Amino acid sequence: MQSVPLSIVGASAAGLAAAWYLARQGVPALVYEAQAPYQPAERTLIVTPAFLRLLDFDPREAILYRVRGYELISRGASACIPLREPDIVLDRARFLHLLVHRVKEAGGEVFFGHRLMDIRTDRVPYILRFATGENRERWVVAWRFLGADGLSGQVSRIAQADGLEEVALCQARVLLPGDLPPDTVRVWFDRATTRFFYWLIPESPHTGAAGLVAKTPGEARRLLEEFLRAQGLEPLAWQEGQAPLFPLSFGRAPMGDGRILLAGDAAGQVKGTTVGGLVAGMRGGLAAARSLAAGTFYDAESRLLRRELAFHALVRRVLDAFTDEDYDALLGLLNRRACSVLGRYHRDDLARGLGPILLSQPRWLLLGARALVRGLRGPGNRSPETSRREGAV
Ligand SMILES: Cc1cc2nc3c(=O)[nH]c(=O)nc-3n(C[C@H](O)[C@H](O)[C@H](O)COP(=O)(O)OP(=O)(O)OC[C@H]3O[C@@H](n4cnc5c(N)ncnc54)[C@H](O)[C@@H]3O)c2cc1C
């Protein structure tokens, strides 16, 4: 086990999860974070119960709500899926403050106001240069370190982790409509405007977050404004940002060079199906921490995560080729057995659940295979509008 201090760049979910693991193993963990004061962007997140299993403490201060079912709506069909275990609606900023506290409690250190400027990689050990204020710098020597500084962070740029597809997310806090069943997330599929979906996530009995994923921040904001108007929802506050999507071939996922490890958004550890990155990023951070602590290969430590994320990329490829009619068929085929199986396997366990899910409704396999063939012919080049027209032919 390591006894020299290990450096981590970025104090968000992935970096803090790694530091927390290392500190609990007795490995000195030093986290360098650009922000000072530390004010993570306000964001309402929804995560599966897998989130709780990553923690050995109760994050109740950060939990806003628990969701017990999903209502799915396409142009011509709808369905409800009750969850066996509730999903968690989380206040991201509160959760990150909680993690900082846990890292410090376990003996790790977090240095705020340390912005990584560059890394001297021409010889080992590497030298990390941080700006720590006006005309002030700090140099850190590292044999191996973790870059968890997000999508546009410095480490992933230096480790040449570009080439990942990026998408824009936009959410608005809204008052919940009166017809939303309690403890339920509502999801709308509309291929005319998005290859993903619109969502409405309750964060209290009266308020929630409505959002969508789009190609660019401008498009996401415009589409969401139109959607909110159509639904009669008034935006109270906006939450916006960008995220990477994990590639279909997990060999193409950036991981670093063996000395520089990447985790979280910096490594594209985001599910392609739903663009959820909190649990995946924390799993990535923990895998990197195990590798740093024990001197094992990150490749091996993160194999299950990368397999899981590659499954999501495959399902995304299928869904990208879906038309509105396919979504109608998908929901129309949701029988009681399929609902019960879907409610049992959550989306951070897709690799394990896909078999039982397809067995519960074998006709989904045909639907998916047809779409996959269409998708492999080049879905990325088609706009939702084109796909819709083609589906209608
Ligand atoms: C609007 C929106 C809604 C979302 N909803 C969900 C959801 O419901 N469920 C879900 O699972 N995921 C969701 N996500 C995705 C999720 O928030 C991210 O995948 C996750 O937060 C990524 O965490 P991370 O630790 O990889 O990086 P980030 O959260 O991006 O953090 C990177 C950290 O590095 C620091 N940093 C950057 N550059 C430097 C530097 N040069 N030097 C030092 N420090 C630096 C930053 O200040 C920051 O603290 C959403 C994203 C957005 C934008």
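I began with the crossing of helices α9 and α12 and noted that it is left-handed. The model is a predicted one.

Next I looked up where the two helices lie and how they pack. Helix α9 covers residues 324-332 and helix α12 covers residues 363-376. Their axes are 10 Å apart, and the angle between the helices is about 165 degrees. Angles over 145 degrees count as roughly antiparallel, so α9 is roughly antiparallel to α12.

Then I listed the residues at this contact. From α9 I wrote down D326, A329 and L330, which meet W364, L367 and A371 of α12. Sorted by class, the contact of α9 with α12 has five nonpolar residues, one charged residue and no polar ones.

I turned to the ligand. How many residues surround the ligand? I found 37. The closest are S12, G150, G241, G264 and G277.

I checked which elements give two or more residues to the shell around the ligand. They are the helices α1 (13-24) and α6 (278-294) and the strands β3 (44-47), β7 (115-120), β11 (165-175) and β15 (237-245). Which of them gives the most to the shell? I noted β15, with four residues.

I also sorted the shell around the ligand by class: 17 of its residues are nonpolar, 14 are polar and six are charged.

Last, I looked up the domains behind the shell. Domain 1 is made of 6-43, 92-163 and 246-308, and domain 2 of 44-91 and 165-244. Each of these two domains supplies at least three residues to the shell around the ligand.

Note on methods:
Residues are numbered from 1 along each chain as its sequence is written. This is a predicted model: local features need pLDDT of at least 70, side-chain atom pairs count only at pLDDT 80 or more; totals for chains, interfaces and linings use all residues. Axes are lines fitted to C-alpha atoms, for helices over the stretch in contact, and angles run from 0 to 180 degrees between N-to-C directions. Angles under 35 degrees count as roughly parallel, over 145 as roughly antiparallel, 65 to 115 as roughly perpendicular and the rest as oblique. A crossing is left-handed if the near helix is turned anticlockwise from the far one by less than a right angle, and right-handed if clockwise. Two residues are in contact if their C-beta atoms, placed from the backbone, lie within 7 Å. Ala, Val, Leu, Ile, Met, Phe, Trp, Tyr, Cys and Pro count as nonpolar, Asp, Glu, Lys and Arg as charged, and the others, Gly among them, as polar. A residue is near a molecule or strand if its C-beta atom, placed from the backbone, lies within 6 Å of it. Domain bounds come from an automatic or database domain assignment.
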